[in-house]
Structure formats: C-alpha cells, structure tokens
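Biologist: I would like to learn how to read a model with two chains. Please show me the structure and start with how the copies meet.

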Number of protein chains: 2
Amino acid sequence: MSNYDSIIAKIEQGKVKVGIIGLGYVGLPLAVSFAKKGIAVLGFEKSEKKAESVKAGKNYIQDIADADFAAVIAAGKLEATTDFSRIGECDAAIICVPTPLDKFKKPDMSYIEASCVDIARHMRHGTFISLESTTYPTTTEDFMKPIIERESGMKEGLDFWLCFSPERIDPGNKQYKTDNTPKVVGGLGEEATAIALALYGKAIEHLHSVSSPRAAEMVKILENTYRLINISLINELALLSGKMGINIWEVIEAAKTKPYGFQAFYPGPGIGGHCIPLDPFYLEYIAKGFNFDLTMINTAGNINNLMPYRMMNKISFALNRRGKAMNGAKLLFLGVAYKPDIDDARESPALLVMDECKKKLAQVSYHDPYIPEAQSEHGTRYVGIDLSDEVIESADCVIFATNHSSFDVERIVAKAALVVDLRNAVKSVHIEDGKVFKL
Amino acid sequence: MSNYDSIIAKIEQGKVKVGIIGLGYVGLPLAVSFAKKGIAVLGFEKSEKKAESVKAGKNYIQDIADADFAAVIAAGKLEATTDFSRIGECDAAIICVPTPLDKFKKPDMSYIEASCVDIARHMRHGTFISLESTTYPTTTEDFMKPIIERESGMKEGLDFWLCFSPERIDPGNKQYKTDNTPKVVGGLGEEATAIALALYGKAIEHLHSVSSPRAAEMVKILENTYRLINISLINELALLSGKMGINIWEVIEAAKTKPYGFQAFYPGPGIGGHCIPLDPFYLEYIAKGFNFDLTMINTAGNINNLMPYRMMNKISFALNRRGKAMNGAKLLFLGVAYKPDIDDARESPALLVMDECKKKLAQVSYHDPYIPEAQSEHGTRYVGIDLSDEVIESADCVIFATNHSSFDVERIVAKAALVVDLRNAVKSVHIEDGKVFKL
C-alpha cells in the first residue's frame with residue numbers, strides 16, 4: 001500500500017493519530033474538536049505548565065466548554081506531552097504555534113522553524129504536515145519545505161505532504177467555534193489537498209480547498225487586512241467627526257440600514273488581539289521582497305499606531321475643560337481586554353493609552369472583571385482594582401476603554417466626575433451636561 | 001393652523017404636492033415612487049429634452065419599470081416642467097441634482113446653489129426642503145440655509161424646513177429600488193425630521209432618522225468611502241498577487257467562506273459610477289477646512305487613479321509575451337459600462353484604460369451591447385463595433401473590461417489570439433496555455 005493510500009485508509013477508519021504542535025488558543029480547541037469525534041490526539045507543548053494542565057484534565061482556554069474538555073480527557077482521546085520525539089507516533093502533525101512580529105514589524109519565524117525541525121527529526125514516512133499559524137504567502141512552500149526536507153532527508157509529495165490551513169479562531173465568538181467555522185485548506189499538490197480534506201473533514205463541518213498553500217496563506221491575510229483597514233478608516237472618520245460635531249456612532253447605525261454593500265466597523269482606542277494588528281504586516285514584509293509597497297496597509301498601520309496617543313489627547317482635553325492637567329490626574333480605566341467579555345489583554349490598545357497617560361504623569365489605575373493584572377507592550381505592569389463607589393468618585397476621569405457587557409454604565413456615569421467614552425458605552429446621542437466626552 | 005400642522009395634515013390626507021428638482025437617475029425614480037402612492041409630483045428639470053420626454057410619457061431611466069412610469073403619467077400624478085416659478089405650487093421641494101467634482105477634486109456646488117435660489121425665490125411659506133444629492137457634511141446647514149434665507153427673506157425652522165436625506169440608488173440592482181431601500185433622514189430641528197418622516201413615509205418602506213443633517217450627510221459618505229477603500233485595497237492586493245503567482249479571485253472566494261466579519265470586494269481596472277469615485281473626496285475637501293488629513297481616502301484615491309495606467313501595462317506585457325509592441329497593436333475592449341449589465345459609461349475605468357493604450361499608439365476599438373458610443377473623461381470619443389468572429393479574430397488582444405452577463409466568454413476566448421481578463425470573466429483557475437492573462 002502506498003503512503004497515500006495508507007493515510008487515507010487510516011483516516012477513513014478513524015485510526016489516524018493527530019499530533020498538534022502548540023496547545024494555545026488555536027491548538028487546544030482544534031485538539032478537542034478532533035478528540036470529540038473519536039480521533040486520538042497527541043498534543044505537543046513546550047510549556048510544562050500547559051502540558052501538565054491538559055494531563056490533569058484542567059482546561060485553560062475560555063472558548064472550550066469544560067464539559068467537552070473533561071469528556072475527551074476521560075475518553076483518553078487527548079494526551080499532552082513535552083517530548084517532541086513522540087511525533088513518530090503520529091500520522092499527521094498540525095502546527096499551531098505563534099508567529100509574532102518583532103518590534104520592527106518583522107515576522108518572527110522561529111516557532112515555525114523549531115516545529116519543522118522537531119517534526120522532521122522524528123516523523124515517520126507518510127506524515128501529513130499542516131500549518132495553521134498565520135504567516136506570509138509562500139511560507140509553506142518556500143520556508144517550511146526546505147527545512148523539513150533537509151532535516152528529515154525525505155522528499156515532499158512522496159515521503160510527506162505539506163498543507164496550509166489558516167486558523168479562524170474568533171475568541172469569545174459564541175456562535176462560531178472551531179468545528180462549525182468553515183475552514184480553508186491548500187495542499188502542496190493534489191494528494192496533500194485530498195488528505196487535508198479527509199483529515200480535517202473528521203473534525204470540521206465545512207471545508208473549502210484552494211489550489212495552493214500560498215493561496216490559502218493569502219486568504220487569512222486578506223480576511224484580517226480587510227478588518228485592519230476598515231477599523232483604521234472608521235477611527236480616522238471618528239476623529240474628524242469629533243471635530244465636526246458629528247456623532248460617528250449614530251452615523252454607523254444609520255449606514256447599517258443600507259441592505260447591501262456595507263459592513264459596520266466601530267472606532268476605538270486602537271486594534272488589539274493576535275491577528276488584526278499583526279497579519280497585514282506579514283504581507284507587507286514579503287511584499288518588500290517583490291519590490292511592492294502596500295500603501296493601504298501602511299496607511300492603516302499608521303492610523304492605528306497613533307490612536308493611543310490621540311486617545312491620551314482626548315482624555316487630556318476633557319480634563320482641561322475642568323481646568324485640570326494630566327499631570328497628577330487620577331485616571332480610572334474600565335476594561336483592558338482587547339475586546340468585550342474576554343479575558344485576554346495581549347496587544348490591548350487600552351494598555352497603550354494607559355502608558356501614554358502615565359508618560360504624561362497621570363496616576364493610572366484600571367478595573368477589569370476578567371483581568372486581575374496586565375502588562376503593556378512597553379513592559380509597564382498594572383494591577384487591577386475593584387470598582388467600588390469610592391474608586392469611581394475619587395477619579396478625576398473615568399475612561400471606558402473596553403465595553404464589557406457587565407459594566408453598569410448608568411451607575412458609573414452617575415458616580416463619575418468626568419467620563420471619556422472610547423467605546424460608545426454611554427448610548428445617549430445628546431449629552432448635554434458636558435460630563436461625558438466621546439471618541 | 002401653524003405651517004407645521006398644515007403640512008403634516010396635507011401629508012396625512014395625501015394632498016401634499018411634491019416638487020422634485022432634477023429628473024435624473026435619482027429624481028425620476030423618486031418621483032415615480034411618490035406618484036405610485038397617489039402623491040401629486042411636479043418634476044423640475046433644466047433639460048428641455050428630459051422634461052418633454054416625461055410629458056410624452058417616455059421613460060429614460062433603466063431602473064424604472066416602463067409600466068410603472070406609464071401608469072403614473074396616465075393617472076396624472078407625475079408632471080414635468082422647466083418653469084421653476086411653479087415651485088410655488090409645491091408643499092415640498094426635494095433636490096436631486098448632480099454634485100460633480102472638478103478636475104482638481106473640488107466639489108462643484110453650483111447645481112445645489114442654483115436649486116436653492118430657484119426654490120427660495122418661488123416657494124410659499126411652510127415649504128419643506130430636502131436635499132438628496134451627495135455632498136460634504138455641513139452643506140445643508142452651512143451652505144444651503146444662508147442662501148435660502150437670503151433669497152427668500154424667510155426664516156428656517158419657522159417659514160421653511162431643511163432636511164438632508166441621502167439617495168441610495170444602486171443602478172442595476174434588481175432587488176433594491178427606491179421604495180424598498182431603507183432611507184436615512186436628518187432634519188434641521190425636530191419639526192423638519194417629523195415632516196421628513198411623514199412625507200418620505202408615503203413613498204419609502206423603511207425610514208431611519210438621525211439627529212442632524214450633518215450626520216445624514218456623513219452617512220452617505222461613510223457608505224461610499226467604505227466601498228472606495230475596500231476596492232482600492234483589493235486592487236492593490238490583486239497587483240501583488242499577480243507578482244506572487246496567486247490567483248486573487250480564488251483567494252476572495254475562499255475568504256468569503258468566513259461566516260462573519262468579512263465582505264468580498266473584487267478587483268478591476270478602477271472605480272466607476274457617480275458615487276464611489278466622488279463621494280469620499282467631498283469629505284476630503286471639507287476635512288481640509290478642519291486641518292484634517294484623511295489619509296485612508298487619499299491613499300485609496302491614489303491606487304484608484306493609477307489603475308488605468310497599470311492595466312495598460314498588463315496589456316502591454318501580455319502583448320510583449322507574443323513579441324508585439326503596444327504601438328500599432330489592435331486592441332478590442334469588451335464592455336465599457338462602469339458595472340455589469342447597465343448602460344452607463346460615465347466615470348468608467350474601461351474608457352481610461354482605452355485612453356492610456358491609445359496614448360501608447362494602440363489601435364483601440366470596443367464592443368458593449370448597451371453602449372453604442374462613449375466619451376472618456378479626457379474627451380476621447382469612441383464608437384462601439386459589433387462582436388463578429390472576424391472582429392475577435394483580427395484583434396491582437398481582447399480585453400474583458402466589464403463582465404456583462406451576456407458575453408459568450410467561451411466563444412470569445414476560443415476565437416481570440418490573446419486575452420487580458422480584468423474582471424475574472426474567464427473562471428478557470430489554471431490557465432495553462434498562456435493565452436489568458438488575469439488581473
């Protein structure tokens with residue numbers, strides 16, 4: 001039996017064993033999705049703490065239902081290890097590691113590279129390898145393939161297969177989880193695509209194949225570049241609207257009544273999360289290699305980069321109306337998660353606004369029901385405080401930075417001396433009393 | 001009875017008479033929508049030809065059903081005139097005149113200004129005035145109101161009311177016409193908004209009010225700026241994808257499988273029509289008055305401006321593969337309308353590509369089933385030709401510039417020596433023979 005026939009048969013019989021490299025917010029939900037369908041999953045994780053947590057049956061990802069997690073552990077379908085030599089046990093290896101940007105916005109490929117080396121050194125003949133980490137187009141074919149061939153001595157398309165299948169995790173999304181979000185796959189060659197469809201088909205409801213890994217890589221970038229530029233546009237229009245006495249939130253609600261050709265985006269203090277602030281810059285990086293200048297991404301990036309500074313200005317001007325300087329002002333930020341109702345503050349613009357205000361010598365504190373402490377990109381550490389009446393009343397300015405649905409906006413506005421609302425938490429269009437200032 | 005009570009009563013009784021200034025692709029459908037509901041409409045039109053056409057019961061707008069038009073004329077509910085003194089007969093005046101940009105992208109307000117003067121000099125006390133023409137925020141309040149007060153000697157809010165209600169006409173849209181497209185209204189003051197809701201409610205199914213004319217003005221700009229920047233983004237990504245060996249059309253189809261947070265836009269030779277290439281630049285104009293630089297619009301505009309030149313390059317490189325120069329090459333363009341299946345070539349990017357190729361000494365001809373002759377922005381006149389086999393075979397290159405659904409793509413590709421496809425008319429992802437080049 002050929003390698004190809006063998007892996008297809010194993011998948012069809014449900015006897016395939018899937019290795020998942022990286023048990024973070026992408027890898028662990030995917031592992032649970034496979035395991036729920038009875039597929040044996042072996043998770044590989046550098047962090048001893050995470051691996052131990054999985055072994056102990058302790059779920060650490062908000063989007064996974066604890067019951068699902070407990071069930072797959074009890075059934076023995078999900079195992080975790082820090083021992084990468086065990087990749088030899090697996091028929092497939094799915095890479096779900098981070099691809100951060102360094103501070104010069106250059107992609108850090110070290111996690112993907114290390115995964116390729118680990119896999120190549122331990123895999124069997126006939127292993128299917130799929131990358132899910134967002135990265136620049138050409139990565140699978142031009143970056144991964146040579147590393148794996150060199151380290152394994154095997155030949156792509158014959159001894160192993162390569163595929164790119166972008167993760168589409170939307171943290172906090174109640175409707176779309178790993179298994180019911182359509183998934184794009186792009187194999188290198190027809191066999192790779194066929195294996196990808198067979199394998200992912202076990203765990204994911206809808207698959208869509210494209211003709212190459214680089215097309216699949218571009219799909220993810222397009223999706224998130226779309227979001228970056230539209231958020232940047234609405235941020236720019238929000239700043240202009242503020243100057244023109246127009247309530248941008250009211251404008252967006254009205255534009256949404258157009259039944260075709262419009263999708264609403266909302267302004268805010270900047271863009272957070274692991275995807276939108278990063279993904280477009282992978283493309284910008286590779287585009288430079290083609291002597292191509294991505295002007296839309298570049299412009300959108302500039303707007304986004306300036307938002308925390310501009311938000312600090314908004315707060316400063318609000319204080320100024322009360323005759324107060326930023327220097328020494330007591331500022332209370334509400335919400336530091338990068339979007340509502342989640343417990344994740346990485347890349348959070350709220351923290352960058354806090355940093356800017358601190359630089360101008362304000363006394364900054366924050367409250368977030370989901371995040372007891374946080375560290376900004378610049379390394380400043382913040383510890384959250386409780387939201388007592390006294391805390392609200394003693395602040396010179398209260399800033400809505402993330403609109404968690406649990407905030408009692410009415411109470412907060414009633415108690416606060418001054419409010420800067422960066423998220424339309426205070427819905428009223430006309431605010432007559434000069435107490436609430438909006439982005 | 002107050003002026004306000006009087007106009008509200010007339011509207012409720014269906015006895016209101018509506019004047020519509022400008023019987024173009026916005027005004028005439030709106031006139032028919034009112035007239036269909038039994039409201040008497042008097043259309044004002046500078047063009048003797050258009051006014052005569054209406055009087056003769058001859059419809060000249062593709063989006064109006066001929067039967068509807070005939071019915072309202074037969075019922076005596078729609079009249080047209082070139083005599084603006086008859087505005088005195090009307091209870092309401094709705095302005096639907098053009099707001100072009102001059103070649104320095106400065107808004108030409110002369111049509112709105114002339115309408116204001118005409119209305120102000122002839123209107124009765126208690127007239128409701130609504131502007132539908134797309135324009136920059138503040139126009140209704142800061143530009144129109146002073147002209148009308150000066151010319152009429154009347155007082156806004158007391159003797160007449162002002163409103164902005166953006167037209168949302170999408171030429172060729174089979175589903176959404178004037179009456180079933182939700183309409184935004186923003187009156188100056190509560191009475192104006194109440195009258196607007198009552199009056200437009202007679203003809204339009206869904207209304208959405210905002211707190212001011214300037215908010216309503218911004219709504220329309222937001223809708224079309226959204227489209228400009230997304231089309232510009234996808235055009236830029238299409239150009240990069242071409243260099244990287246990625247089929248952008250395939251990428252877009254795959255991205256569309258994301259069930260949230262994505263809306264597909266398609267690349268093309270540039271942006272046409274009366275709205276998207278213009279509207280964002282009204283905002284850019286007024287923003288300068290606020291010392292505000294709209295970088296997203298500016299960047300998007302630059303991409304769009306360069307597209308015809310880049311498309312000429314695409315054609316030139318395709319010819320070059322065949323050892324042919326642009327100089328003297330016979331080029332056949334298919335479709336010059338600015339979008340599929342409509343008969344409108346104004347602001348059409350196809351004509352600009354043709355101009356660029358002509359400048360490089362190509363022999364340019366075109367075929368469009370809906371447009372027998374056309375003139376580019378630069379003033380070049382083109383006369384369409386029939387699409388015989390001989391015409392296709394004798395061309396050095398056939399260019400799909402607009403994807404009219406009536407084109408027999410298979411036949412055209414079979415007969416053509418070389419094809420440049422700017423609209424994904426040729427659907428196959430892999431084109432092996434080097435005959436078809438895609439944007």
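Biologist: Which share of the interface residues of chain B are also interface residues in chain A?

Modeller: The general idea starts with contact: two residues touch if their C-beta atoms, placed from the backbone, lie within 7 Å. Here, 100% of the interface residues of chain B are also interface residues in chain A, so the copies meet through the same surface. The contact takes 55 residues from chain B and 55 residues from chain A. One caution: this is a predicted model, where local features need pLDDT of at least 70 and side-chain atom pairs count only at pLDDT 80 or more, while totals for chains, interfaces and linings use all residues. Residues are numbered from 1 along each chain as its sequence is written, and chains are lettered from A and ligands numbered from 1 in the order in which they are written.

Biologist: Which elements of chain B give two or more residues to the side that touches chain A?

Modeller: Elements are DSSP runs, numbered from the N terminus: helices are H or I with at least four residues, strands are E with at least two. On the side of chain B that touches chain A, the elements giving two or more residues are helix 8 (213-244), helix 9 (248-255) and helix 11 (295-321) of chain B. Helix 8 of chain B gives the most, with 18 residues.

Biologist: How many nonpolar, polar and charged residues does that side have?

Modeller: First the classes: Ala, Val, Leu, Ile, Met, Phe, Trp, Tyr, Cys and Pro count as nonpolar, Asp, Glu, Lys and Arg as charged, and the others, Gly among them, as polar. The side of chain B that touches chain A has 30 nonpolar, 16 polar and nine charged residues.

Biologist: Now inside one chain. What are the domains of chain A?

Modeller: Domain bounds come from an automatic or database domain assignment. For chain A, the assignment gives domain 1 (3-211) and domain 2 (230-438). Their C-alpha centres lie 35 Å apart. Twelve residues of domain 1 of chain A are in contact with 13 residues of domain 2 of chain A. By class, the domain 1 side of that contact has five nonpolar, five polar and two charged residues.

Biologist: Which strands pair with strand 9 of chain A?

Modeller: Pairing needs at least two bridges found by DSSP between two strands. Strand 9 (residues 330-334) of chain A is joined to strand 10 (residues 363-367) of chain A by five bridges, and the two run parallel. A:Leu334 has A:His367 as its bridge partner in strand 10 of chain A. Four bridges join strand 9 of chain A to strand 13 (residues 397-400) of chain A, again parallel. There, A:Leu332 is partnered by A:Val398.

Biologist: Where does the chain cross from strand 9 to strand 10 of chain A?

Modeller: Handedness is judged with the strands pointing away from the viewer: a crossover is right-handed if the path from the first strand over the helix to the second runs clockwise. In chain B, strand 9, helix 12 and strand 10 make a right-handed β-α-β unit. In chain A, the path from strand 9 to strand 10 goes through helix 12 (residues 349-359), and this β-α-β crossover is right-handed.

Biologist: Is helix 12 of chain B mostly covered or exposed?

Modeller: Count C-beta atoms, placed from the backbone: a residue is buried if 20 or more others lie within 10 Å of its own, exposed if 12 or fewer, and partly exposed in between. Helix 12 (residues 349-359) of chain B is mostly covered, with eight of its eleven residues buried. Among them are B:Leu351, B:Val353 and B:Glu356. The cover includes helix 11, strand 9 (330-334) and strand 10 (363-367) of chain B.

Biologist: Which residue takes a positive phi just after that helix?

Modeller: Most residues other than glycine have a negative phi. Just after helix 12 of chain B, B:Leu361 takes a positive phi of about 75°. B:Asn291 has a positive phi of about 55° although it is not a glycine. B:Asn291 lies in the loop between helix 10 (279-289) and helix 11 of chain B, and counts as exposed, with 7 C-beta neighbours inside 10 Å.
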